[in-house]
Amino acid sequence: MTTIAFSDDKSPSQALGYAGGTVTVLIWATWFLVTRHSAATPLGSIDIGLIRFGIPALVLSPVWLKTGLLPKALPLHLLAIMVAGSGAVFFLLTTLAIHSTPAASSGILLGGSMPLAAALIGIALFGERPDGTRITGLAAIVAGVLVLLTHSLTDASLPWTSFVLLPAGAVLWASYTHAFRRSGLTAVQASALIAVWSFLIMAALALAFGISLPQAPLQEIGLQALSQGVLSGLVAMVAYGTAVRRLGGTQAAAFTALTPVLATLGGGFLLGEPIGLTEISAAVITGIGVALSTGIAATRR
């Protein structure tokens, strides 16, 4: 078992952080759609979870074999928060909700809540003090989310559980963001540990409750393997970790506010969900909010 090589949070350029955040939200938008689509297949949450975490756990096995499952330099509570916040617990909670919630509403309640949860945790627990530009950006994100949320509430078919489970998932992810920021892990190390521990949890659940993978068509398994395992479980995790390292936790989490907009557009074009002036207006407002809250538009001193 080796100790962890702590990474340097300071970067000569924030471009890589912005790129990581952009890649993350693009992948997440497709994740909402593919996860929503899986509700119509024989695949259950445990099946998808095995795919989601099994692929990155295998690909990154040289990393977690080197660090060990319980790295000496990593406090156990931070590891637990990261695994719960972005791994098995987060995945099961949000997948359960997304299966019964339209993609647009899921994006609003989960992706739109993440930057707010991250900002509030940073302020309440870590004494972060965002400047006026970022506060304005967060306010714009709130406004954009409220536009979409108010519109979505007119749909009486939305289950009440969506309004509990998805914001709870946002709090979990925000907690992971801050825990990773303080863990000293690199993005790849964190992704490897989260994947292997989450896969072990999913494997235990599979032994207890069984799986439906043998009954699923190969094309559905392939779709989930690409979207869940390769893109969401591997690429997006490393990309988001890079954004957190380069930009900071609160600023990186602000990128997730673009997810509801992209999920709404994807739901309209790919799943036949209605899209109109409300969604377009929210897209503009939220986009401005992200630009401000990530610091892209902040005045340089």
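The legends below describe several close-up views of one predicted model.

Because this is a predicted model, local features need pLDDT of at least 70 and side-chain atom pairs count only at pLDDT 80 or more, while totals for chains, interfaces and linings use all residues. Residues are numbered from 1 along each chain as its sequence is written, and side-chain values use heavy atoms, with hydrogens and water left out.

**View 1. Helix H6 and the helices around its buried residues.** Helix H6 covers residues 103-111, and nine of its nine residues are buried, where buried means under 20% relative accessible area, exposed means over 50%, and partly exposed lies in between (1.4 Å probe, protein chains only). Helices, like strands, are DSSP runs numbered from the N terminus (H or I of at least four residues for helices, E of at least two for strands). The buried residues of H6 include Ala103, Ser106, Leu109 and Leu110. They pack against H1, helix H5 (88-98), helix H7 (114-126), helix H8 (132-152), helix H9 (162-181) and helix H13 (258-270), a contact being heavy atoms within 4.5 Å.

**View 2. Leucine 110 and leucine 166.** Leaving aside neighbours within four places in sequence, leucine 110 is in contact with Trp31, Phe32, Phe90, Thr94, Leu166, Gly169 and Ala170. Leucine 166 is found in helix H9 and counts as buried, because its relative accessibility is 0%. With the neighbours within four places again left aside, the contacts of leucine 166 include Thr94, Ala97, Ile98, Ser106, Leu109 and Leu110. Proline 56, by contrast, is 110 residues from leucine 166 in sequence and 24 Å from it in space, C-alpha to C-alpha.

**View 3. The largest nonpolar core.** A nonpolar core is a set of buried Ala, Val, Leu, Ile, Met, Phe, Trp, Tyr and Cys residues joined through side-chain atoms within 4.5 Å. The largest one holds 70 residues, of which Met82, Leu110, Trp173, Tyr176 and Phe180 touch the most other members. The largest share of this core, nine residues, comes from H10.

**View 4. Threonine 35 and serine 38 in helix H1.** Threonine 35 lies in helix H1, which covers residues 15-38, and it counts as buried because its relative accessibility is 0%. A polar atom of its side chain lies 2.7 Å from the backbone oxygen of tryptophan 31. Beyond its neighbours within four places in sequence, threonine 35 is in contact with Thr95, Ile98, His99 and Gln228. Serine 38 also has its place in helix H1 and is buried, at 0% relative accessibility; leaving aside neighbours within four places, serine 38 is in contact with Leu43, Ile48, His99 and Gln224.

**View 5. The two salt bridges.** A search of the whole structure finds two salt bridges, each defined as a side-chain nitrogen of Lys or Arg within 4 Å of a carboxyl oxygen of Asp or Glu. In one of them, the side chains of glutamate 128 and arginine 182 meet at 3.8 Å, N to O. Glutamate 128 lies in the loop between H7 and H8 and arginine 182 in the loop between H9 and H10, so the pair ties together parts that are 54 residues apart in sequence. Glutamate 128 is partly exposed, at 25% relative accessibility, and arginine 182 is partly exposed as well, at 36%. Aspartate 131 forms a salt bridge with arginine 134, their closest N and O atoms being 3.5 Å apart, and aspartate 131 is partly exposed, with a relative accessible area of 33%.

View 6. Serine 212 is found in the loop between H10 and helix H11 (218-247), and it is partly exposed, with a relative accessible area of 25%. Serine 212 and glycine 44 are 168 residues apart in sequence but 6.8 Å apart in space, C-alpha to C-alpha. Not counting residues up to four places away in sequence, serine 212 touches Pro42 and Asp47.

**View 7. Threonine 67 and glutamine 189.** Threonine 67 is found in helix H3, residues 61-67, and counts as buried at 3% relative accessibility. Between threonine 67 and glutamine 189 there are 7.8 Å in space, C-alpha to C-alpha, although the two are 122 residues apart in sequence.

Terms used. Polar contact = N/O pair within 3.5 Å; in protein donor to acceptor, adjacent residues only side chain to side chain.
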